[in-house]
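Please look at the model below before reading on.

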Amino acid sequence: MTPNDNAAVNAKRLAGEKAIDFVEDGMIVGVGTGSTVAFFIEALGRIKHRIAGAVSSSEQSSQRLRSLGIEVMDLNSAGPLRLYVDGADECDAHKRLIKGGGAALTREKIIAQASDKFVCIIDPAKRVELLGRFPLPVEVIPMARSLVAREIVLQTGGQPVWREGVTTDNGNWVLDVHGLRITDPVAMESALNQIPGVVSVGLFARRPADVVIVGRETPEVF
Ligand code: 5RP
């Protein structure tokens, strides 16, 4: 690992651990996916006696939670959640995000929508002025892959690339759209959501984060 990699990993750890401040006794905690969330899960394991359980956005996170003895619950039985903690691939000043680098965007979006407070945990490299440098993930029904790709080219001018070999936890595929400069994230999210075959779009603009924690020695919270 280079010193830069080490710094990024440390920043993820600091962000993940800081998010524990938002966990209250008796909560069912919504838990996202990824390497930053892995640090949050580790810290959650240390206070597991204080929480009622977790709702998880991926099989990967469910496994991690169970391995620490945290009960993983079904969202339908858990009902509305008070807190959801998840990472992001990009985050702008309005707390709008690109997510889905780990292909868990659909379940992440569902849990974010079901939660009163979405706390997003990131390392400093994820902060951007304008969303779109990170290729935008779009989960699609497999039979609609080429149709959706053609529509995305027409509507956005971006270049969709099939994430070959990856099947989501929902049995679908992912297109990563390169070359975007997303000046109106809400409009793009709404437009792409309308294409038949699109399951979900990795833009979290209609329901952005409520709080962002940037991992630093003294974590930045905004
Ligand atoms: C998974 C996600 C992750 O939150 C995102 O990819 C960030 O991951 P990491 O914390 O590993 O950098 O959206 O679908």
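A polar side-chain atom of Glu108 lies 3.1 Å from an oxygen atom of the ligand. The model is predicted, and the distances and areas given here are computed from it.

| Residue | Part of the residue | Distance to a ligand oxygen atom |
|---|---|---|
| Glu108 | polar side-chain atom | 3.1 Å |

The ligand on its own would expose 380 Å², and the protein buries 91% of that area.

The surroundings of the ligand consist of 17 residues. The closest of them are Lys12, Ser35, Thr36, Asp89 and Lys126. By residue class, the shell around the ligand holds 8 polar, 6 charged and 3 nonpolar residues.

The cysteines are the next topic. How many disulfides does the structure hold? The number of disulfides is 0. For Cys91, the closest cysteine sulfur is that of Cys120, and the two sulfurs are 5.5 Å apart, which is too far for a bond. A disulfide would need the sulfur atoms to be within 2.5 Å. Cys120 is likewise in no disulfide, with the sulfur of Cys91 as its nearest cysteine sulfur.

Are these cysteines buried or exposed? Cys91 is buried, at a relative accessible area of 0%. Cys120 is buried as well, and its relative accessible area is also 0%.

Technical notes. Residues are numbered from 1 along each chain as its sequence is written. This is a predicted model: local features need pLDDT of at least 70, side-chain atom pairs count only at pLDDT 80 or more; totals for chains, interfaces and linings use all residues. Side-chain values use heavy atoms; hydrogens and water are left out. A residue is near a molecule or strand if one of its heavy atoms lies within 4 Å of it. A polar contact is a pair of N or O atoms within 3.5 Å; within protein, one must be able to donate a hydrogen and the other to accept it, and residues adjacent in sequence count only if both atoms are side-chain atoms. Accessible areas come from the Shrake-Rupley method with a 1.4 Å probe; for residues, only the protein chains shown count as cover. Ala, Val, Leu, Ile, Met, Phe, Trp, Tyr, Cys and Pro count as nonpolar, Asp, Glu, Lys and Arg as charged, and the others, Gly among them, as polar. Buried means under 20% relative accessible area, exposed over 50%, partly exposed in between (1.4 Å probe, protein chains only).
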